[in-house]
Every structure is written in structure tokens, then in C-alpha cells.
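Work through the following exercises with the sequence and the coordinates side by side, and try each task before reading its solution.

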Amino acid sequence: MVPLRDNNPTVITPYVTYGLIAVNILVFLYELTLPPAQLEGFFHLAAIVPRELSASFSGISVNQQVPEWMTLFTSQFLHGGFLHLAGNMLFLWIFGNNIEDKLGHVKYLIFYLACGALAGLAQWFFSAASPVPSLGASGAIAGVLGAYILRFPKAQILTLFGYFVTTVPAYFFLGLWFIQQAFYGVASLNAPANIGMESGGIAYWAHAGGFVFGAILGPLLGLFDDRSSSEPF
């Protein structure tokens, strides 16, 4: 089930959404320049390593150049493969502009990063002892989806279902997406991998958690304030 576009025009130019996509692509291109050993070290440094985050919360030093709490943010710009990146950026491209339109540039950036950090904590909660790096923009983008389904439930999403293309309302597309993430999250509670499609695991709890946090934070930041469209900051 792949979204192709929505029928939801915007008033402002979504500079922050464009910028986030650009940064994610640039970081991925940097990843491609690293040999496997250095790439693994880079992920270990900048991604969330649940076991190390747990240790830092307990006041135990893990001797990393990047403080562990910062990985809640740096991990949002890392991806485990091309499909991981492409899927995330497609969802951000389609749904992010409308949320930025309603929140304004600055609040949208705060919203996005906060959702990503909270989503990372949700994944950490269910895998606090895992040594496997958790990374990707999925949690932050899930927050965007959670806000979108509240603000634009009847927006029409052109969707690829297998070999068929059809249009479905946002509440159906995003509601089904959330149910899938929650279901697989429960089903994979004992799975050790959580870094993305091409590495064998998906951070389902980050997706489900980000979605819920987005639905909570969006209204608090003015998602339903119609004046926000004309007040980009």
C-alpha cells in the first residue's frame, strides 16, 4: 500500500519539509561513502542504541562522543538503505507539507523533531536492553501522519494497492497503517532487530508511538487553528 499523492493543496511553501528531505538525502549520500566498518561505527555513534541509552539514563558513562540523549535527534536523519530512505521521504513529501501549512515553519520543525524523539523513546521502552542501533525518520514522519489523520481525515489519497491504483480517504489509509504498526509491534516484542527494511527489522513501536504523539502534539501546537495557514512562523 503506497501513497502516490493527496488532493490537499497548501497555502505556504513548505520550506522545512523540503529542507528535511534534503538533509536526509545528504546524510544518506554521506553514509554511502563510508566503508562497512566505518558505517557501522557511524550508526553506533549517531543512532539510538537502546542499551547505551538505558545506561546513560542510569548515570553510567558509555564513552561516546555524542551524548546518548542527542541520538534521539541525530538518529532521525540516518537510514539503513535506499528503500528505507525512499519510503520515508515519499511519506514526508506527501503528508508533511499540509501539517507545515497548518502549524507554520517553526512550530512544524519543533513538532517534527519532538515526535521523532518521543517515537525513539517509545521504541527504547520496549527494547531497553537491545544493542542493535535504532535509526530512521520513520518515527517523526509517523507523528506527521498522526496529525494528518486528525486534521484532514477526508482528504483523498491516490494509492497503489499491489497492481491497482485507487483513491481512498486519509482516515482509511492512515488508520490501516497505524493498525498495522501496532499489530506488528505487539507481534515483534521479542525481535532484536529494529533498524529498517533492508537490515531485517522495522521499529514498529517507534511508528505507533510517533503516530500517537503526533495526534497529541499537533492540536497543542495549533493544528486546528485556521489562522496558522497565514501565519507561517
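**Exercise 1.** Decide whether Ser75 is buried or exposed in this predicted model, and find which residues Ser75 touches beyond four places away in sequence.

*Solution.* Begin with the location: Ser75 lies in the loop between α4 (71–74) and α5 (82–103). Next, take its relative accessibility, which is 4%; since buried means under 20% relative accessible area, Ser75 therefore counts as buried. Finally, list the contacts, leaving out residues up to four places away in sequence: Ser75 touches Ala46, Ala47 and Ile48, and also Ser134, Leu135 and Gly136.

**Exercise 2.** Classify the packing of helix α1 (residues 15–32) against helix α6 (residues 105–126), and describe the residues that make the contact.

*Solution.* The two helices, α1 and α6, pack at an angle of about 40°, and their axes are 9 Å apart. Because of this angle, α1 is oblique to α6. On the α1 side the contact is made by Tyr15, Val16, Thr17, Leu20 and Asn24, and on the α6 side by His105, Tyr108, Leu109 and Tyr112. Sorted by type, the residues of this contact are six nonpolar, three polar and no charged.

**Exercise 3.** Which residues have the most contacts inside the largest nonpolar core, and which elements give two or more residues to this core?

*Solution.* The largest nonpolar core has 44 residues, and those with the most contacts inside it are Phe95, Ile99, Tyr108, Tyr112, Tyr148 and Leu174. Two or more residues come from each of α1, α2 (36–46), α5, α6, α7 (138–151) and α8 (170–187). A second, separate core has five residues, including Ile48, Leu72, Ala117 and Trp124.

Terms used:
Residues numbered from 1 in each chain as written. Predicted model: local features only at pLDDT ≥ 70, side-chain atom pairs only at ≥ 80, totals over all residues. Heavy atoms only, no water. Axes fitted to C-alpha atoms, helices over the stretch in contact; angles between N-to-C directions. Helix = DSSP H or I, 4+ residues; strand = E, 2+ residues; numbered from the N terminus. Parallel < 35°, antiparallel > 145°, perpendicular 65-115°, else oblique. Contact = heavy atoms within 4.5 Å. Nonpolar A, V, L, I, M, F, W, Y, C, P; charged D, E, K, R; others polar. Buried < 20%, exposed > 50% of the residue type's maximum accessible area, 1.4 Å probe, protein only. Core = buried A, V, L, I, M, F, W, Y, C linked by side-chain atoms within 4.5 Å.
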